Amino acid sequence: HAAIGALESIIKIKEGNARLNIDLSEQYVLSCLDSFTCNRGGFGYRVFRYINDTSAYGNDCNGIIPEFCFPYRGIDKNGNTFTESDYPPVTCDQKCGNWEDFLIPIVDYKWIKFNNMENEEIRNLIKTLIMEKGPLTIAIAHTWDLHKWGWTHNNPNDYYAYPGPCEDYLNHEMVVVGWKDDPLIGNGGYWICKNSL
(Lines give C-alpha, C1' and ligand atoms only; values in the text may rest on other atoms or scores of the structure.)
Protein backbone atom coordinates (compact mmCIF):
# COMPACT_ATOMS: atom_id res chain seq x y z
CA HIS A 1 0.00 0.00 0.00
CA ALA A 2 2.81 2.43 0.80
CA ALA A 3 4.58 1.89 -2.52
CA ILE A 4 1.36 2.31 -4.50
CA GLY A 5 0.41 5.39 -2.45
CA ALA A 6 3.77 7.01 -3.17
CA LEU A 7 3.54 6.12 -6.87
CA GLU A 8 0.04 7.62 -7.15
CA SER A 9 1.32 10.87 -5.62
CA ILE A 10 4.41 10.97 -7.83
CA ILE A 11 2.25 10.54 -10.95
CA LYS A 12 0.07 13.48 -9.88
CA ILE A 13 3.18 15.60 -9.31
CA LYS A 14 4.79 14.61 -12.63
CA GLU A 15 1.52 15.33 -14.47
CA GLY A 16 1.24 18.67 -12.65
CA ASN A 17 -2.37 17.90 -11.72
CA ALA A 18 -3.27 17.56 -8.04
CA ARG A 19 -6.88 16.77 -9.02
CA LEU A 20 -5.88 13.81 -11.18
CA ASN A 21 -7.82 10.86 -9.78
CA ILE A 22 -5.23 8.11 -10.09
CA ASP A 23 -6.01 4.89 -8.22
CA LEU A 24 -3.61 2.01 -8.85
CA SER A 25 -4.19 -1.67 -8.12
CA GLU A 26 -2.57 -3.07 -4.98
CA GLN A 27 -4.20 -6.40 -5.89
CA TYR A 28 -2.15 -6.53 -9.10
CA VAL A 29 1.00 -6.35 -6.98
CA LEU A 30 -0.24 -9.06 -4.63
CA SER A 31 -1.59 -11.46 -7.28
CA CYS A 32 0.51 -10.89 -10.41
CA LEU A 33 4.00 -9.90 -9.33
CA ASP A 34 6.55 -12.11 -7.62
CA SER A 35 5.13 -13.37 -4.33
CA PHE A 36 8.44 -12.46 -2.69
CA THR A 37 7.21 -8.84 -2.56
CA CYS A 38 4.82 -9.67 0.27
CA ASN A 39 6.03 -12.95 1.68
CA ARG A 40 9.09 -11.22 3.11
CA GLY A 41 7.52 -8.09 4.56
CA GLY A 42 6.31 -6.21 1.52
CA PHE A 43 9.06 -3.59 1.36
CA GLY A 44 8.28 -0.84 -1.15
CA TYR A 45 11.50 -1.21 -3.08
CA ARG A 46 10.50 -4.79 -3.93
CA VAL A 47 7.14 -3.57 -5.23
CA PHE A 48 8.90 -1.02 -7.46
CA ARG A 49 11.45 -3.64 -8.55
CA TYR A 50 8.76 -6.02 -9.79
CA ILE A 51 6.56 -3.33 -11.32
CA ASN A 52 9.64 -2.37 -13.35
CA ASP A 53 10.72 -5.98 -14.09
CA THR A 54 9.88 -7.33 -17.57
CA SER A 55 10.63 -10.96 -16.63
CA ALA A 56 8.13 -13.48 -15.23
CA TYR A 57 8.72 -11.96 -11.77
CA GLY A 58 7.15 -8.74 -13.05
CA ASN A 59 4.34 -10.42 -15.01
CA ASP A 60 6.46 -10.14 -18.20
CA CYS A 61 5.90 -6.38 -18.48
CA ASN A 62 6.88 -3.06 -16.91
CA GLY A 63 3.87 -1.47 -15.32
CA ILE A 64 1.01 -1.32 -12.88
CA ILE A 65 -2.70 -1.25 -13.73
CA PRO A 66 -5.53 0.89 -12.34
CA GLU A 67 -7.72 -0.24 -9.45
CA PHE A 68 -10.84 -0.56 -11.62
CA CYS A 69 -9.06 -3.26 -13.65
CA PHE A 70 -8.21 -5.35 -10.58
CA PRO A 71 -9.92 -4.17 -7.36
CA TYR A 72 -8.35 -4.88 -3.99
CA ARG A 73 -9.85 -7.89 -2.22
CA GLY A 74 -8.06 -7.83 1.11
CA ILE A 75 -9.76 -9.47 4.04
CA ASP A 76 -9.71 -8.18 7.60
CA LYS A 77 -10.09 -11.35 9.63
CA ASN A 78 -10.73 -9.24 12.74
CA GLY A 79 -9.86 -12.12 15.03
CA ASN A 80 -12.02 -14.64 13.16
CA THR A 81 -10.64 -17.82 11.68
CA PHE A 82 -11.28 -18.42 7.99
CA THR A 83 -10.32 -21.36 5.85
CA GLU A 84 -8.97 -21.01 2.34
CA SER A 85 -12.28 -22.34 1.01
CA ASP A 86 -14.06 -19.38 2.67
CA TYR A 87 -11.84 -16.96 0.77
CA PRO A 88 -9.94 -18.61 -2.07
CA PRO A 89 -6.74 -16.90 -3.25
CA VAL A 90 -7.11 -14.01 -5.68
CA THR A 91 -5.17 -15.08 -8.76
CA CYS A 92 -3.67 -12.93 -11.49
CA ASP A 93 -6.08 -14.21 -14.12
CA GLN A 94 -8.90 -12.39 -12.29
CA LYS A 95 -7.73 -8.98 -13.56
CA CYS A 96 -9.70 -7.34 -16.39
CA GLY A 97 -9.34 -8.92 -19.84
CA ASN A 98 -7.75 -5.91 -21.54
CA TRP A 99 -5.38 -5.12 -18.66
CA GLU A 100 -2.39 -4.55 -20.96
CA ASP A 101 -4.16 -1.52 -22.46
CA PHE A 102 -4.03 0.14 -19.03
CA LEU A 103 -0.42 -0.56 -18.01
CA ILE A 104 1.36 2.44 -16.50
CA PRO A 105 5.14 1.83 -16.64
CA ILE A 106 7.72 3.23 -14.25
CA VAL A 107 11.06 4.50 -15.47
CA ASP A 108 13.20 4.01 -12.39
CA TYR A 109 13.28 3.55 -8.64
CA LYS A 110 15.94 3.76 -5.93
CA TRP A 111 16.53 1.88 -2.72
CA ILE A 112 18.58 3.80 -0.17
CA LYS A 113 20.00 2.33 3.02
CA PHE A 114 21.05 4.80 5.65
CA ASN A 115 24.01 2.78 6.91
CA ASN A 116 26.91 4.78 8.34
CA MET A 117 25.02 8.09 8.17
CA GLU A 118 24.39 10.51 11.00
CA ASN A 119 20.80 11.47 11.87
CA GLU A 120 21.19 14.98 10.47
CA GLU A 121 22.54 13.59 7.17
CA ILE A 122 19.59 11.21 6.95
CA ARG A 123 17.04 13.97 7.64
CA ASN A 124 18.60 16.26 5.03
CA LEU A 125 18.73 13.48 2.42
CA ILE A 126 15.05 12.58 2.99
CA LYS A 127 14.03 16.24 2.68
CA THR A 128 16.06 16.64 -0.53
CA LEU A 129 14.55 13.50 -2.05
CA ILE A 130 11.00 14.62 -1.22
CA MET A 131 11.67 18.03 -2.79
CA GLU A 132 13.30 16.60 -5.92
CA LYS A 133 11.46 13.29 -6.46
CA GLY A 134 8.22 13.44 -4.46
CA PRO A 135 6.82 11.26 -1.65
CA LEU A 136 8.92 8.34 -0.42
CA THR A 137 8.15 4.96 1.08
CA ILE A 138 9.96 4.35 4.33
CA ALA A 139 10.30 1.31 6.56
CA ILE A 140 9.85 1.85 10.29
CA ALA A 141 9.69 -0.19 13.47
CA HIS A 142 5.96 0.00 14.18
CA THR A 143 5.80 -0.56 17.93
CA TRP A 144 2.76 -1.25 20.09
CA ASP A 145 3.26 2.20 21.64
CA LEU A 146 3.01 3.88 18.22
CA HIS A 147 -0.01 1.71 17.39
CA LYS A 148 -1.87 2.78 20.55
CA TRP A 149 -0.94 6.43 19.95
CA GLY A 150 -2.42 6.28 16.43
CA TRP A 151 -5.81 5.15 17.72
CA THR A 152 -6.11 8.06 20.16
CA HIS A 153 -4.48 10.98 18.32
CA ASN A 154 -6.36 12.24 15.29
CA ASN A 155 -5.87 15.99 15.57
CA PRO A 156 -3.73 17.45 12.73
CA ASN A 157 -1.65 19.21 15.41
CA ASP A 158 -0.73 15.95 17.18
CA TYR A 159 2.65 14.40 16.56
CA TYR A 160 4.32 11.26 17.85
CA ALA A 161 7.39 12.03 19.91
CA TYR A 162 10.41 9.94 18.94
CA PRO A 163 11.06 7.62 21.91
CA GLY A 164 14.73 7.09 21.11
CA PRO A 165 16.56 4.14 19.58
CA CYS A 166 14.34 1.14 19.04
CA GLU A 167 15.40 -2.49 19.28
CA ASP A 168 12.50 -3.65 17.09
CA TYR A 169 13.03 -4.62 13.47
CA LEU A 170 11.55 -2.79 10.48
CA ASN A 171 8.02 -4.11 10.16
CA HIS A 172 5.85 -1.42 8.59
CA GLU A 173 5.95 0.96 5.62
CA MET A 174 4.46 4.40 5.23
CA VAL A 175 4.62 7.23 2.72
CA VAL A 176 6.53 10.35 3.80
CA VAL A 177 4.93 13.32 2.05
CA GLY A 178 6.62 16.21 3.87
CA TRP A 179 7.98 17.60 7.11
CA LYS A 180 7.67 20.48 9.54
CA ASP A 181 10.78 22.05 11.02
CA ASP A 182 9.91 23.50 14.43
CA PRO A 183 12.57 24.19 17.07
CA LEU A 184 9.85 24.21 19.76
CA ILE A 185 9.19 20.49 19.20
CA GLY A 186 11.46 17.74 20.47
CA ASN A 187 14.04 16.78 17.82
CA GLY A 188 13.31 20.04 15.96
CA GLY A 189 10.22 19.01 14.02
CA TYR A 190 8.34 16.09 12.56
CA TRP A 191 7.64 14.09 9.39
CA ILE A 192 4.26 14.19 7.68
CA CYS A 193 3.28 10.63 6.76
CA LYS A 194 0.43 8.82 5.06
CA ASN A 195 -0.45 5.45 6.55
CA SER A 196 -2.75 2.77 5.21
CA LEU A 197 -3.85 1.43 8.59
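Me: What does the protein average in pLDDT?
Reply: The protein averages a pLDDT of 83, and 85% of the residues score at least 70. pLDDT is the predictor's confidence in each residue, on a scale from 0 to 100. This is a predicted model: local features need pLDDT of at least 70, side-chain atom pairs count only at pLDDT 80 or more, and totals for chains, interfaces and linings use all residues. Residues are numbered from 1 along each chain as its sequence is written, and side-chain values use heavy atoms, with hydrogens and water left out.

Me: Which elements have the lowest and the highest mean pLDDT?
Reply: Helix α3 (residues 36-39) has the lowest, at 50. Helix α2 has the highest, at 92. Helices (H or I, at least four residues) and strands (E, at least two) are DSSP runs, numbered from the N terminus.

Me: Switching to cysteines. How many disulfides?
Reply: The count comes to two disulfides. A disulfide here is a pair of cysteine sulfur atoms within 2.5 Å.

Me: Which cysteine does Cys32 join?
Reply: Cys32 is joined to Cys92, S to S 2.2 Å. The pair links distant parts of the chain, 60 residues apart. Cys32 is in helix α2 (residues 26-32), and Cys92 is in the loop between α4 (44-52) and α5 (119-133).

Me: What's the handedness of that link?
Reply: The link of Cys32 and Cys92 is right-handed, with 105° about the S-S bond.

Me: Is Cys32 buried or exposed?
Reply: Cys32 is buried, and so is Cys92. Buried means under 20% relative accessible area, exposed over 50%, and partly exposed in between (1.4 Å probe, protein chains only).

Me: And what about Cys69, which cysteine is it joined to?
Reply: Cys69 is joined to Cys96, S to S 1.7 Å. Both lie in the loop between α4 and α5, so the pair ties together parts that are 27 residues apart in sequence. Both Cys69 and Cys96 are buried.

Me: Why is the disulfide of Cys69 and Cys96 left-handed?
Reply: Because the torsion about its S-S bond is about -75°.

Me: What's the pairing in sequence order?
Reply: With the bonded cysteines of the protein numbered in sequence order, the pairing is 1-3, 2-4. Cys61 is in no disulfide. The nearest cysteine sulfur to it is that of Cys92, 8.5 Å away.

Me: Does Cys61 count as buried or exposed, and why?
Reply: Cys61 counts as buried, because its relative accessibility is 10%.

Me: New topic: aromatics. How many aromatic pairs in the whole structure?
Reply: A search finds five aromatic pairs. One of them is Tyr28 and Trp99, which is tilted: 6.2 Å centre to centre, 40° between the planes. Rings of Phe, Tyr and Trp (its six-membered ring) pair if their centres lie within 6.5 Å; planes under 30 degrees apart count as stacked, over 60 as edge-to-face and the rest as tilted.

Me: Where do Tyr28 and Trp99 lie?
Reply: Tyr28 lies in helix α2 and Trp99 in the loop between α4 and α5, so the pair ties together parts that are 71 residues apart in sequence. Both Tyr28 and Trp99 are buried.

Me: Why is the pair of Trp179 and Trp191 edge-to-face?
Reply: Because the planes are at 70°, with the ring centres 6.5 Å apart. Trp179 is in strand β2 (residues 172-181) and Trp191 in strand β3, twelve residues apart. Trp179 is partly exposed, with a relative accessible area of 24%. Trp191 is partly exposed too, at 32%.

Me: What does Trp191 touch?
Reply: Leaving out residues up to four places away in sequence, Trp191 touches Arg123, Ile126, Lys127, Ile130, Val176, Gly178 and Trp179. Contact means heavy atoms within 4.5 Å.

Me: How far apart are Lys180 and Trp191 in space?
Reply: They are 6.4 Å apart, C-alpha to C-alpha, and eleven residues apart in sequence. Lys180 lies in strand β2. With neighbours within four places set aside, Lys180 is in contact with Gly188, Gly189 and Tyr190.

Me: Last one, the sheet. What order do the strands have?
Reply: The order is β1-β2-β3, in an open sheet of three strands with antiparallel pairing. The edge strands are β1 (136-140) and β3, and each pairs on one side only. Two strands pair if DSSP finds at least two bridges between them.

Me: How many bridges for β2 and β3?
Reply: β2 and β3 pair over six bridges, in the antiparallel sense. The bridge partner of Val176 in β3 is Cys193. Cys193 is partly exposed, with a relative accessible area of 35%.
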